[in-house]
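Student: I would like to go through the labels given to this structure. For each one, please set the value against the cut-off and conclude.

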Amino acid sequence: MRKNSQKYDVLVVGAGHAGVEAALAASRMGLKVCIFSINLDNIAQMSCNPAIGGLAKGHLVKEIDALGGEMAKAADRTGIQFRMLNTKKGPAVHSLRAQSDKKEYQLYMKQVLENQRGLDIKQGIVEKLIVKKGKVCGVKTNIGVIYEAACVILTPGTFLNGLIHIGEASYPGGRNGELAAEKLSLALKAAGLRLGRLKTGTNPRVNRNTIDYSKTEEQPGDKIPIPFSFETVSIDQPLVPCHAVYTTAETNEIIRKNINRSPLYGGRIKGIGPRYCPSIEDKVMRFPEKTKHQIFLEPEGLSTLEIYCNGLSTSLPLDVQYAFLRSIPALKNVEIMRPGYAIEYDFVPPDQIRHTLETKAVKNLYLAGQINGTSGYEEAAAQGLIAGINAALRAKGSKEDFILERSEGYIGVLIDDLVTKGTEEPYRMFTSRAEYRLVLRQDNADLRLTARGFKLGLISKARYERFVEKKKTIEAVLAELGETYLKPTEENKAFVKSLKTSGLSERISLKELLRRPEINIADLSGRLKSACGQDERLRREALEQAEIQVKYEGYIKRQLEQIEKFEKEEHVKIPPGLDYKNVHGLSGEAVEKFQKILPDSIGQARRISGIAPSDITAVLVYMKKMQE
């Protein structure tokens, strides 16, 4: 056993999507950081679908970018198809999604890590946490080397005691073909953390040359793709379509006949899987009335033949996978390159972490990603960024924490849900989880968060100056819309008539005109001097923001009033160490829940499942007596 000669400020265990963002954030804040990966060739590996974003997930990616993270830039640079989802609905639920080149995404992220100042990258398996007097101070690897640091961030993904299932076969693995981190689970238990077991699955990858594309439906991307990053000027790389097919009655019958060979239905899988992303076995067995299910054939990259069969997550044996795939007309002669599989893994129920993602049991130990019970690259990356920021602040000796409230971002909703409500299945972000979603749109993520990222040192001065210019331009456009009036002259009447809206009979401001549903900002932009002289991207972004703020002004105002009420409760802090057993009027269940979650504020306490208004009143009365 020996100590590594270099002492670090922050150690990051795991180089997946959470680990990458954590390591980059901490090192960009001026800290000396080391990140560990079991295999350096698989940094930022896309274990499941090679795609970034999607419904609500696109919001997370935009917020990560607004704070200075890397995921959005990687998606823009390596995307091979871009689609804006939910465009027929309001801007609150618009979500960007990009199909990525899987290998190019990995290479991009590896290169960013390698070129990041203050960041060391090590290949190794971390097996033990070094904890002294309730505080973590380092880790030990499988070859007996101890690395010391002020803070440790664990981001092991599905590698924590991972167990892979394909039909009757089961074997340890963090991903198919990779080692599991088996001893780290014991280290977490030894540190006083409670573990649970979750399950997820992935889909078969098939050979593109064995697909009959004449029997598929083409799914093109947007002709003019919109980037994820607020820094990306344009998407210039080659783009490709995806394709859709449907399962058949024969597919369903094959799965039913072989359901006893599924480890999911045979009882060998104990972990709880995600309801929102069921396996094809679950779809067939739980929804027998459905005669077909849609499957998307998505390229894994421009330089590979592998096609990801999105919608066919399965752990059935390989021979059954072949049988049901070949029952789909377009896949009659298909060859499987990688079979689908299920994986079980350990996680730490997230009621054991704080909003900073630090564990309650061990000081300076932070958890991010699937170890906290989440699913998805975007949820992991968002947590990694927050963990990296807070670990860096702690290592610097700062007494401040970086916490996003529910009213400030989807990242805040994600972490608050985990900490306050916990989860018994892999957690996925949805727009419906964000009660202030009209204010927390993906298009205004920079307006909400970039100033905070700049303060942390994660946003460059040049980017911040451009951001300030954008804010000024939006304000100027809004002012001009409100101050510019059209008088009912013949010329103006003709102009309004050309917009196919009701006629002009009296003086009207451009702002009032823009409120009409049939009119958009492009119709009026020629009359706005404030947007002139700006580069095309800045002009487009400013006009878009002005239009949304005008058209949804009343709704936004009401939501801002709701946020104000919410923040008043969030500012009522509960004293650390409050003994809930001494609070008169609390039921035993309420005491147990309060002691388990240890809420920081009255607002968080109110959001705990099963807590009644009377319980909150009792706590407030007790707090008042404490102050007397």
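**Labels and their cut-offs**

Tutor: This is a predicted model. Start with F454, which has a relative accessible area of 31% and is partly exposed.

Student: Why is F454 called partly exposed?

Tutor: Buried means under 20%, and exposed means over 50%. F454 has 31%, so it falls in between.

Student: What makes Y464 partly exposed?

Tutor: Its relative accessible area is 23%. Buried needs a value under 20%, so Y464 is partly exposed.

Student: Why is the pair of F454 and Y464 called stacked?

Tutor: The ring centres are 4.0 Å apart, and the planes are at 5°. A pair needs centres within 6.5 Å, and stacked needs planes under 30 degrees apart. Both conditions hold, so the pair is stacked.

Student: Where do F454 and Y464 lie?

Tutor: F454 is in helix α11 (residues 445-456), and Y464 is in helix α12 (residues 461-483). They are 10 residues apart. F454 and Y464 also form one aromatic cluster with F467.

Student: How many aromatic pairs does a search of the whole structure find?

Tutor: The search finds 6. One of them is formed by F36 and Y147.

Student: What makes F36 and Y147 an edge-to-face pair?

Tutor: The distance is 4.8 Å centre to centre, with 80° between the planes. F36 lies in strand β3 (residues 33-37) and Y147 in strand β10 (residues 145-154), so the pair ties together parts 111 residues apart in sequence. Both residues are buried.

Student: How do you know that β10 is largely enclosed by the rest of the structure?

Tutor: Of its 10 residues, 8 are buried, so the strand is largely enclosed.

Student: Which strands pair with β10 in the parallel sense?

Tutor: Strand β1 (residues 2-3) does, over 2 bridges. R2 stands opposite V145 there. Strand β2 (residues 8-13) is joined to β10 by 5 bridges and runs parallel. V10 has C151 as its bridge partner. Strand β21 (residues 365-367) also runs parallel to β10, with 3 bridges. L154 stands opposite L367.

Student: How do β9 and β10 run, parallel or antiparallel?

Tutor: They run antiparallel, and 3 bridges join them. At least two bridges make a pair, so strand β9 (residues 135-141) and β10 qualify. G138 is the bridge partner of E148. The two strands form a hairpin with 3 residues between them, and G144 in the turn has a positive phi of about 85°.

Student: What makes the charged end of R527 sit over the ring of F495?

Tutor: The charged end is 4.0 Å from the ring centre. The distance cut-off is 6 Å, with a further limit of 35 degrees from the ring normal. R507 likewise lies over the face of Y485, at 3.9 Å from the ring centre.

Student: How many disulfides does the structure hold?

Tutor: It holds 0. A disulfide needs sulfur atoms within 2.5 Å. The sulfur of C277 is 6.5 Å from the closest cysteine sulfur, in C48, so that is too far for a bond. For C242 the closest is in C309, at 12 Å, which is also too far.

Student: Are C242 and C277 buried or partly exposed?

Tutor: C242 has 4% relative accessibility, so it counts as buried. C277 has 43%, so it counts as partly exposed.

Technical notes. Residues are numbered from 1 along each chain as its sequence is written. This is a predicted model: local features need pLDDT of at least 70, side-chain atom pairs count only at pLDDT 80 or more; totals for chains, interfaces and linings use all residues. Side-chain values use heavy atoms; hydrogens and water are left out. Rings of Phe, Tyr and Trp (its six-membered ring) pair if their centres lie within 6.5 Å; planes under 30 degrees apart count as stacked, over 60 as edge-to-face and the rest as tilted. Helices (H or I, at least four residues) and strands (E, at least two) are DSSP runs, numbered from the N terminus. Buried means under 20% relative accessible area, exposed over 50%, partly exposed in between (1.4 Å probe, protein chains only).
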